[in-house]
Amino acid sequence: MQQQATYKQLTLITPTAAMSADVHGGRAKCLQRLIRLDMPVPVTVALSFDAVREIALGRMPDMVDLMAPFGDQPLLSVRPSSLDPDWGGPGAILNIGMNAECHAEMAKTVGARAATALYLRFVQSYAVHVARLDPDEFDLPAVATEDSLRAMLAAYEFETDEPFPDDPAVQLAEVLRSMARAWEGTTARLLRQAKGAPADAGLGLVVQAMALGVGQGECGSGVIQYVDSTTGQRRIKGRYLGQSQGREALGDVEGAIYLTRDDRGPSLEEHCPDTFAQLVAYGDLCRRKLREEMQVEFTIEDGQLHILDAVRVQRNSRASVRIAVALAEDRIIPREEALMRVEPAALSELLHRQVDPTAKRDLIVRGIAASPGAAAGRIVLTAAEAQASAARGEPCVLVRRETTPEDIRGMHAAQAVLTMRGGVTSHAAVIGRGLGVPCVVGASELAIDRKRGLIIAPDGRKFAAGDVITVDGTTGQVIVGEPPMLEAALDGAFKTLLDWADEFRDIGVRANADTPADAQTARNFAAEGIGLCRTEHMFFEGDRLGVMREMIFAESSDDRRAVLDRLLPMQRADFQALFGIMAGKSVCVRLFDPPLHEFLPSDKQGLRDLAEQLALPVADVTERVDALSEYNPMLGMRGVRLGIAIPEIYDMQAQAIFEAMAAVGNAGTDIAVEIMIPLVSAMREVELVKGRIDAVANAVRSKTKTKLDYHLGVMVETPRAALRAQDIAEYAEFLSFGTNDLTQMTYGLSRDDAGRFMSAYVQQGVYVEDPFHTLDIEGVGELIAIGAERGRRGRSDVVLSICGEHAGSRVAIEFCRAHGFDYVSCSPFRVPVARLTAAQSALRDRMKT
């Protein structure tokens with residue numbers, strides 16, 4: 001890269017001038033490219049970042065040198081030229097150089113009305129944006145007249161105590177000084193830093209001769225783009241504001257006409273076919289040579305076309321994917337570059353409905369964006385109400401203080417979920433992402449009045465059950481009513497891009513899927529298998545919850561086994577459906593994990609209903625529920641501890657898995673099954689569970705005369721399991737790191753409650769990011785790295801993966817690739833994001849070598 005010292009602070013843009021976007025900004029460099037393509041760009045001078053910094057400090061460039069290329073009595077424009085156009089900058093100032101003499105001369109050629117209108121616009125722009133005067137004093141008149149011009153000049157003199165400057169050099173110097181200082185202002189700096197600009201980002205300026213687009217013959221100005229910024233499809237669109245002799249034939253003496261024949265009304269294509277053809281040719285030239293879809297600003301002066309500027313077409317996520325794919329398919333850019341041009345987050349937007357960005361939003365409350373997409377529905381406050389609403393065909397939003405496993409059926413029925421408590425790895429967030437249901441959690445400023453069926457907004461407004469609200473899980477906003485939506489957009493370009501991603505990524509991507517429906521979603525998104533099937537979610541379906549409660553109240557092992565025998569065929573059918581959908585791929589089934597109290601009611605009505613179901617006194621049921629409660633259930637009897645203390649549960653699940661394997665195997669379906677033991681912390685736990693599972697497998701083999709190939713592994717989610725991975729790997733063929741619980745235990749943070757104070761921690765720099773949202777490489781990552789290294793020491797061919805909610809993120813994927821992991825497993829709707837992220841990570845590494 002050349003040193004900045006080799007570049008001049010003032011540079012006349014020519015095809016061979018020494019210029020760089022890093023020194024002069026993207027707009028200046030783009031104008032040079034247009035000139036190199038022989039486009040009719042007016043004379044332009046670029047001021048470097050250093051020159052503009054000097055101007056902001058009061059050290060002006062040599063104005064004689066700056067104005068020399070433009071000749072006598074020039075009319076000029078000044079536009080910003082930052083490195084990235086998304087960083088913004090001060091607005092353009094046009095018609096610099098207008099004064100009484102220029103006005104008089106221009107009136108002879110373009111007419112008094114047009115000349116006066118240009119002068120008025122310049123005085124207004126200069127007064128408001130350069131002199132910083134009150135805009136209300138400089139409103140443009142409805143009709144440009146000599147009297148209105150004199151009045152505006154008088155207003156300027158009254159407000160400043162000096163006449164409006166006539167000298168073009170003085171005008172230009174003041175414009176440059178104003179724009180340079182505006183860039184250095186605190187507000188402007190904070191705004192561009194919010195868009196990703198570094199704190200010391202520089203601003204360049206381009207000074208360009210005006211091509212007015214007024215005069216005799218065909219004249220006008222316009223903007224043209226060659227692709228639809230919403231869909232990404234090739235289509236000419238834009239606007240043209242023109243005046244011409246003979247325009248009466250088009251039904252418009254002075255004003256806007258269309259660009260193409262395809263639009264209704266008069267068009268530039270019909271009226272000036274040669275000029276229109278030139279514009280189309282320039283668009284194609286930009287696409288091929290600049291390797292991008294561009295928007296071109298142009299003027300026509302007495303039939304002569306001038307190209308003033310070209311910028312990258314602004315686009316939404318859908319258009320971004322389609323444009324990148326089209327450029328690669330036309331061999332303008334390589335596939336690798338097309339992949340790098342699309343933000344992975346853009347794919348997430350395409351998978352879900354979104355609130356139209358142009359829609360007005362009446363905000364109720366803002367929470368944590370936990371599951372992307374947006375949906376509207378009537379407020380319901382219980383899972384039962386959500387199911388009843390769905391049965392009536394009425395979309396609903398389930399609003400809870402926090403969700404529990406018992407709410408899963410209601411979450412299935414709801415269009416969206418809103419909770420007062422929780423963070424990005426809370427129950428509602430995890431299940432919402434798995435279901436693809438928009439979800440906002442941690443909306444702690446919202447209150448629920450269950451007795452009156454109300455939710456109360458922070459501003460005191462009350463919304464009753466049945467009122468329509470919209471949950472935007474992409475932004476974390478909850479909105480009144482139902483604003484316009486943009487539908488999900490999965491088209492051929494989406495699939496093509498992900499097929500290309502699979503060619504370059506070097507790590508597997510699986511899905512966390514708990515039901516056949518989840519598995520089908522994962523299959524549709526081309527997941528390479530299931531990396532985590534949380535079997536406990538199956539127990540909340542249909543009548544299974546009642547059977548599960550009977551098992552919990554059973555007094556002996558035989559009684560528990562008798563009840564579980566009723567659950568066995570249901571679990572077997574679940575697994576059989578799951579294996580059938582994932583034919584030819586791997587399925588990792590996690591054995592039962594949650595504490596038993598999650599299956600029991602906590603309210604009085606629920607306890608009465610359970611007592612009636614079990615034919616027991618309410619007092620006995622209440623006593624039993626109290627006995628099962630724990631001070632800290634997330635660290636209590638759950639996971640492998642349940643499997644050892646109440647082995648009948650794991651026995652039943654293992655039998656269901658193996659019988660389902662036998663059934664699909666006899667039907668000719670190839671399936672690779674992995675069985676995962678949760679919450680392990682000691683080798684002996686694995687040894688005990690493995691012995692029982694192997695015994696069940698042998699019994700099913702004998703009974704079915706079927707070969708059962710399976711792998712047994714553990715979910716590493718306690719710090720001790722990571723530290724003792726070498727011992728554990730002796731009995732485990734794979735180690736899958738559950739980063740949700742591992743983060744919780746490493747930090748000593750409740751993932752459900754941390755949202756209450758996490759934003760304050762991040763704002764004050766205690767944590768760089770929410771560790772439940774972004775994998776903590778320094779702490780949790782070190783434990784994972786230790787566990788991986790020690791696991792390989794215990795078993796050289798151990799399979800390593802991450803299956804927590806971090807798994808689809810760039811940080812986690814890059815970490816896993818760096819440490820040689822085999823795959824990541826994330827929510828089904830994050831699979832496309834993970835596939836693209838993994839490809840980009842591999843390509844970035846390739847670029848470094």
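A residue counts as buried under 20% relative accessible area, as exposed over 50%, and as partly exposed in between. Arg461, at 27% relative accessibility, is therefore partly exposed. The model described here is predicted.

- Strands of a sheet pair through backbone hydrogen bonds, either parallel or antiparallel.
- Strand S14 (residues 374-380) and strand S15 (residues 396-400) run parallel and are joined by three bridges.
- Val380 has Leu398 in S15 opposite to it.

**Salt bridges around Arg461**
- Arg461 meets Asp362 in a salt bridge, with an N to O distance of 3.1 Å.
- This pair links distant parts of the chain, 99 residues apart: Asp362 lies in the loop between strand S11 (354-355) and S12, and Arg461 in the loop between strand S19 (454-456) and strand S20 (462-464).
- Asp362 is partly exposed, at 37% relative accessibility.
- Arg461 also forms a salt bridge with Asp459, where the closest N and O atoms are 3.0 Å apart.

**Salt bridges around Arg312**
- Arg312 and Glu292 form a salt bridge, and their closest N and O atoms are 3.3 Å apart.
- Arg312 sits in strand S10 (residues 304-312), while Glu292 sits in the loop between helix H11 (273-289) and strand S9 (294-301), 20 residues apart.
- Arg312 is partly exposed, with a relative accessible area of 38%, whereas Glu292 is buried at 11%.
- A network of salt bridges links Arg291, Glu292, Arg312, Arg315, Glu337 and Arg341.

**Cysteines**
- A disulfide is a covalent bond between the sulfur atoms of two cysteines.
- The closest cysteine sulfur to that of Cys396 belongs to Cys439 and is 13 Å away, too far for a bond.
- Cys396 is buried, with a relative accessible area of 1%.
- Cys826 is in no disulfide, and the nearest cysteine sulfur, that of Cys803, is 11 Å away.
- Cys826 is buried, at 1% relative accessibility.

**Surface patch**
- Phe757, Tyr761 and Val766 make a nonpolar surface patch of about 250 Å².
- Val766 lies in the loop between helix H30 (755-763) and helix H31 (780-794).
- Val766 is partly exposed, at 47% relative accessibility.

Conventions: Residues numbered from 1 in each chain as written. Predicted model: local features only at pLDDT ≥ 70, side-chain atom pairs only at ≥ 80, totals over all residues. Heavy atoms only, no water. Patch = residues over 30% accessible without salt bridge, like charges linked within 9 Å, V, L, I, M, F, W, Y side chains within 5 Å. Areas by Shrake-Rupley, 256 points an atom, 1.4 Å probe, with all protein chains shown as cover. Salt bridge = Lys/Arg side-chain N within 4 Å of Asp/Glu carboxyl O. Helix = DSSP H or I, 4+ residues; strand = E, 2+ residues; numbered from the N terminus. Buried < 20%, exposed > 50% of the residue type's maximum accessible area, 1.4 Å probe, protein only. Pairing = 2+ DSSP bridges. Disulfide = S-S within 2.5 Å.
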